Amino acid sequence: MSPGRVRLALAIGIVVLLEALVRFGVIDRFALIPPSEILWDLGALLLGGAIWPAIGKTLTDVALACVAAVVVGVVLGTLIHRWRPFREALDPLFAAYYAIPVYAFYPLFIVIFGLGDVPQVLIGFMLGLVAVIVNTLNGLDRVPRVLIKTARAFRLGPVATAAEITLPYAAPYIFTGVKLAVAYSFIGVIGAELIMSRTGLGYEIGFAYNNFDNAVMYPLIVLVLVVAGSVNAMFFMWEKKLLARRRR
Amino acid sequence: MTDALPQRALGTALLVVALLACWQALFIYAGASALTSPLDTIAYAAQLLGTASFYPHLIETAKAFTIALGFALAFGFLIGFTLGLHRFSGEVGEPVLVALYSIPKITLYPIVLLAFGIGMPAKVAFGAIHGVVPIAIITLAAVRNLNPVYLKAARVLRLKPWQITASVLLPAAVPEIFTGVRVGFSLTLIGTLLGEMFASQRGLGFLLIQAIGLHNIRLIMALTLILVVIAVAASTILLAVDHRLRRAY
């Protein structure tokens, strides 16, 4: 059997087991509802239509945070790479960055920007940004000297060198940063929504939890996991395709 | 190394000064109703560290974090070594681990709360959930990338699985595994704090969410500063150990 089939079989097995455990009362229905009912409730929720604004809001925020992190991260990474002392000063910050609980800044952002979308997008952006910068730097470090010499021989300016030679060479490394930025944007936005917000999927999950509304909470959790999982899987496959083309 | 050290210290000092300057500028721009100035925050943080009622919260968080890290390391190593040694299990399990790494685990907090109730177990579980996956992924990669000759030699010597792990795998993969420990450390800390924000009546995370509710900006800023200093200090030490291990091997 291929690994993929084993994974599928395992997943089905776990779902069936959970279903059985809840149906036979081993797990309290108060704690978990059967997977089949979750699926049914999810269908009802999506057809009901009331949840779509929340879905749209969360996905928009995630996309904004992610795109901003990637664009700003690549630009900053390229600039930092060019100026060595600056980079040496920033390196310890990058290394320690992910030890900082970014959510601790969320209350601050709410105070500064109000309880709109901005604080949540900012949290997602902050989580993703450094991953993109670090991976851009990592990729640019690996550009062979001969390519840079070629750029010089063609008298390319710094912008043209970055756009036509160094960044394309570093693309696979930058892509690792992009994948992380996608994951971190989801984590940041939905986490921030859960802590405090007025709309969005994170807010709806928190609201349902506080009202012991398992028939809404579990479908929404599954929805978030499925959406985040499929977006990540999409990027994973896109990367594979890009790498395959490169090898040819 | 001896020449580079003062220069690097200078760079770090400049960085800290630049960050403080940005903070001060933001303070002047946004005003006292949004945030407190660097000096005021440091003074209040020092005052906070001087009050006796602060320490039970700090100790509570430290306790929850230590237990969570213990669980994350134990399960992370167990998963990493098992999947790393058994090729087929690794092929089945690795994409699952990577997928688990990228999902927003914070959405699982209601499930954790329903399973563990409010209090220490929920915090620990939440911290461990965040830390275990990266530790497992990095350990798995470290074990798989080992020189196969080591394993063959161990098999020729007819070592038992635990002997192989203790006297061959662990020493050979230590530098990579330590990187996993470092990453797991950070994420477990974040997870524990998040757990405290949602599922606790004590701890730094609880103080933070309470300060948000009361709109107590001074307390929010001082707590954030204390957390950032602790996190950066711990991660700098771990990073130094990491570099040393890599050079030694």
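**Notebook: chains A and B**

I looked up the contact between the chains first: 39 residues of chain B touch 40 residues of chain A. Two residues count as in contact if their C-beta atoms, placed from the backbone, lie within 7 Å.

I noted that this is a predicted model, where local features need pLDDT of at least 70, side-chain atom pairs count only at pLDDT 80 or more, and totals for chains, interfaces and linings use all residues. Residues are numbered from 1 along each chain as its sequence is written, while chains are lettered from A and ligands numbered from 1 in the order in which they are written.

Next I checked which elements form chain B's side of the contact with chain A. Those giving two or more residues include helix 1 (4-30) and helix 8 (161-198) of chain B. Helix 10 of chain B gives the most, 11 residues. I used DSSP runs for helices (H or I, at least four residues) and strands (E, at least two), numbered from the N terminus.

I sorted that side of chain B by class and found 29 nonpolar, 8 polar and 2 charged residues. Ala, Val, Leu, Ile, Met, Phe, Trp, Tyr, Cys and Pro count as nonpolar, Asp, Glu, Lys and Arg as charged, and the others, Gly among them, as polar.

Then I turned to chain A. I found 10 helices and 0 strands in chain A. Its C-alpha atoms fill a box of roughly 75 × 55 × 30 Å along the principal axes.

Last, I looked up the domains, whose bounds come from an automatic or database domain assignment. Chain A is divided into domain 1 (1-32) and domain 2 (33-247). Their contact takes 7 residues from domain 1 and 4 residues from domain 2 of chain A.
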